[in-house]
Amino acid sequence: MHCELIVPGLFATPAAARAASLEMLLARGRSSQGESQTLGRWLHEAFDLGDQPLAAGALTLAAAGHGDPGTECWARADPVHLRLMRDRLILVPGAAMSISGDEAEALCDALNRHFRGALELRVVDPQRWIARITDELAIDSECPLELAGRDVDLSLPGRATRSHQLLNEAQMLLHAHPVNEAREARGEPALNSIWLWGVGRAPRVGRARWQSVAADDPLPLGLARLAGARYRPLPPSASEWLARSPDDGKHLLVLDALRTPLALSLDAEARESLAALERDWFAPLLAALRAGRVGMVTVHVPDAAGGPSYETIRGDLRRFWRRPRALARYL
């Protein structure tokens, strides 16, 4: 079995963070370089989408099992808080806020009544919404998590565009909604806008190079479904994943637990997330490699300088002269 891990943010963890099993895999294996890129761009290339966009809305719908995206145009329409600070407009993503399912449904219902089919929203989970769009909108924006804490004024569509009109109407409706009045009364940020990104129709995807894909992010799951590969939510640990996986084949695991705490500059949470990855994933996979249950472990760090990958087989573990080093040394 070949187990491929993609771990965004791995080398951006706080300097004092250590992970002995992971450090062993990196030190003893063979490394290769590519280019630094986001998780989305890595997935785009890995699934060979060519000139097609990474249609996050359609892929999220495909992964959620709430229906088939068909040939219609979809977008992600995630709830965000836009905070005006002097001459800057700062984005706070949904991942930084507590959002209940009832709040998400109430706000989406209000938006759907207002737009009457021109923008049909659905709640996938409280932080992830999608929208069916009757007319393709010229929107080229990043995932809200990638924009956390940044000035997004220049990322908003031009005032003369249809997408700007839609966002402006949505913001006015959300501002006055009882859900947001109650949130502000509790001292919580209002969900005062939606962030449209990942617009497009479901891409045509060739056969996946992996037998299965496991992830919490719906984008790799949606791509796996369209490629005809098995897909499922990421289990709590490698031990549980191995217990349900075949003895052969090539498998992709997206371990992106570091993305949110790093994007929100939460160093303590980033250290805790790395410790959990070490305990639940890297240590069991290293043990499985030693025991011969896994034949190869590959670790991809796409957003690090040079987009490195590290490939380790059982025999590599005997290279004792290659001493593990702290993750901060890989920066």
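Start by selecting Thr60, which sits in helix H3. Helices here are DSSP runs of H or I with at least four residues, strands are E runs of at least two, and both are numbered from the N terminus. Before you go on, a word on the model: it is predicted, with local features needing pLDDT of at least 70, side-chain atom pairs counting only at pLDDT 80 or more, and totals for chains, interfaces and linings using all residues. Residues are numbered from 1 along each chain as its sequence is written, and side-chain values use heavy atoms, with hydrogens and water left out.

**Stop one: around Thr60**

Is Thr60 buried or exposed? Thr60 is buried, at a relative accessible area of 0%; buried means under 20%, exposed over 50% and partly exposed in between, using a 1.4 Å probe and protein chains only. Show what touches Thr60, skipping neighbours within four places in sequence, and you get Arg76, Val124, Ile130, Pro218 and Leu219. Contact means heavy atoms within 4.5 Å. For a distance check, pick Ser212: Thr60 and Ser212 are 152 residues apart in sequence and 17 Å apart in space, C-alpha to C-alpha.

**Stop two: H3 against H7**

Select residues 56–64 for H3 and 218–227 for H7; the two pack at an angle of about 75 degrees, with axes 7 Å apart. Axes are lines fitted to C-alpha atoms, for helices over the stretch in contact, and angles run from 0 to 180 degrees between N-to-C directions. H3 and H7 are therefore roughly perpendicular (65 to 115 degrees; under 35 is roughly parallel, over 145 roughly antiparallel, the rest oblique). On the H3 side, colour Ala56, Leu59, Thr60, Leu61, Ala62 and Ala63; on the H7 side, Pro218, Leu219, Leu221, Gly222, Leu223, Arg225 and Leu226. By class, this contact of H3 with H7 has 10 nonpolar, two polar and one charged residues. Ala, Val, Leu, Ile, Met, Phe, Trp, Tyr, Cys and Pro count as nonpolar, Asp, Glu, Lys and Arg as charged, and the others, Gly among them, as polar.

Stay on H7. Eight of its 10 residues are buried, so H7 is largely enclosed by the rest of the structure. The buried set is Pro218, Leu219, Pro220, Leu221, Gly222, Leu223, Ala224 and Ala227. What caps the N-terminal end of H7? Asp217 does, with a side-chain oxygen 2.8 Å from the backbone nitrogen of Leu219. Just after H7, Gly228 takes a positive phi of about 80 degrees.

Most residues other than glycine have a negative phi. Asp48, not a glycine, has a positive phi of about 55 degrees. Find Asp48 in the loop between H2 (39–46) and H3; at 63% relative accessibility, Asp48 is exposed. Then jump to Ser265, also not a glycine, with a positive phi of about 60 degrees. Ser265 lies in the loop between H9 (259–263) and H10 (267–291), and is exposed at 58% relative accessibility.

**Stop four: H4 and H5**

Next, select 101–115 (H4) and 162–175 (H5), which pack at an angle of about 130 degrees with their axes 10 Å apart. That makes H4 oblique to H5.

**Last stop: Ser309**

Finish in strand S12 (residues 309–313), at Ser309. Ser309 is buried, with a relative accessible area of 14%. Not counting residues up to four places away in sequence, Ser309 touches Arg30, Ser31, Ser32, Val299 and His300. Zoom in on His300: its side chain makes a polar contact with the side chain of Ser309, at 2.6 Å.

Note on methods: A polar contact is a pair of N or O atoms within 3.5 Å; within protein, one must be able to donate a hydrogen and the other to accept it, and residues adjacent in sequence count only if both atoms are side-chain atoms.
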